[in-house]
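Morning, everyone. Let me put the model up, and then I'll walk you through a few places in it.

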Amino acid sequence: MSTACTRIDEHCKRSLRAACILILGWYAGGAFADTSLDAAVAEVGRQLRAMPEAQAAGETATHRYHAALTSAALSVYEQSRHLDLPYFATSDGIDGRVGLVNPDNLYTSALLADTGRYRIHGKRGTHALLSLQLLDAYPIVGLGRNLAVIDLDALHVRPGQNFELFLGGERRSGLWAALPRGTKAVLSRQTFVNWAKESPSRLSIERLDEPAEAVAPDEASATAGDYLLAAARTWNLAYLPTLAKLPINPRIESLNVSNAAAIALYAATRR
């Protein structure tokens, strides 16, 4: 394993440990050294307790949703502190049906800087479609606008084929795409027709421009608590009201995934 991969793995482990300690400690009534984060967890808890959807879903589902939201926000915060070592990550704890928990799609995302140069490489799975979206906001904590779509199938990347795609910098031979100004993330979408028979794509990303800043200047002063409050605004004020207007997807309830808590939160009042 390369040094870069080892460092990324340690970042992931630290993020997961922090999320577990935070969530378990808050529900146990404990104190935290990071008072800003502690205050954010408490504030989101107060917001959730006041939501009719949470009251209808019940305390257990609301706690699970709160924990998943906190974990996802901490994960994005951790990634935002290491833009020099990007990686594709998924947040399966709170994803909802508005383009996120679709039973026919698999989503991962990596954080970017619009001034950076990147190499995305891997092996195309045998699933139906593979595309990349460039967004102007970090996932989970913001509603990103779509700045560009890269259709790898239109670029003749075939199922089972190894490939590499370069992002940013000067135009080069092979597969290349510019990074629009304001790009902050790349979202991969893998569409499946038959999960039992089709394989997923394996994707990796590395930053090529060195030295690279680890934190974006406009994000340097943000705290983990800020990210959690932003995630709560994004999901509770934007996604959930939209989800509540949609019919329940019966296939979701049969999936063995941790986002069942989020589904219960808004679905409880829709039955």
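Start with Glu 219. This residue is buried, with a relative accessible area of 13%. Buried means under 20% relative accessible area, exposed means over 50%, and partly exposed is in between, using a 1.4 Å probe and protein chains only.

Two notes on the source. This is a predicted model, so local features need pLDDT of at least 70, side-chain atom pairs count only at pLDDT 80 or more, and totals for chains, interfaces and linings use all residues. Residues are numbered from 1 along each chain as its sequence is written, and side-chain values use heavy atoms, with hydrogens and water left out.

Back to Glu 219. It is found in the loop between strand 8 and helix 5. Helices (H or I, at least four residues) and strands (E, at least two) are DSSP runs, numbered from the N terminus. What does Glu 219 contact, leaving aside neighbours within four places in sequence? Arg 81, Tyr 138, Lys 184 and Tyr 227. Contact here means heavy atoms within 4.5 Å. With Lys 184 there is a side-chain to side-chain polar contact, at 2.7 Å. A polar contact is a pair of N or O atoms within 3.5 Å; within protein, one must be able to donate a hydrogen and the other to accept it, and residues adjacent in sequence count only if both atoms are side-chain atoms. Arg 81 is 138 residues away along the chain from Glu 219, yet their C-alpha atoms are separated by 8.8 Å.

Tyr 138 and Tyr 227 come back here. Both are among the residues that touch the most other members of the largest nonpolar core, which has 32 residues. A nonpolar core is a set of buried Ala, Val, Leu, Ile, Met, Phe, Trp, Tyr and Cys residues joined through side-chain atoms within 4.5 Å. Helix 2 (35-49), helix 4 (59-80) and helix 5 (224-244) are the elements that give two or more residues to this core. Helix 5 supplies the largest share, 10 residues. Apart from it lies another core, of 20 residues, including Leu 112 and Val 186.

Helix 5 has a kink of about 30 degrees, centred on Trp 235. The bend at a residue is the angle between axes fitted to the seven residues ending there and the seven starting there. Helix 4 is mostly covered, with 16 of its 22 residues buried.

Now the strands. Thr 108 lies in strand 1 (residues 105-111). Buried or exposed, this Thr 108? Buried, at a relative accessible area of 16%. Its side chain makes a polar contact with the side chain of Ser 188, at 2.5 Å. Strand 1 is joined to strand 7 (residues 185-191) by seven bridges, and the two run antiparallel. Leu 106 stands opposite Gln 190 in strand 7. Six of the seven residues in strand 1 are buried.

There is also an open sheet of four strands, in the order 6-5-2-8, with mixed pairing. Two strands pair if DSSP finds at least two bridges between them. Strand 6 (176-177) and strand 8 (202-207) each have a single partner strand, so one side of each is left without a neighbour in the sheet. Strand 2 (residues 118-123) runs antiparallel to strand 8, with six bridges. One of the bridge pairs is His 121 with Ser 204.

Last stop, a loop. His 156 lies between strand 4 (146-151) and strand 5 (162-167). His 156 is exposed, at 53% relative accessible area. Its side chain makes a polar contact with the side chain of Arg 158, at 3.2 Å.
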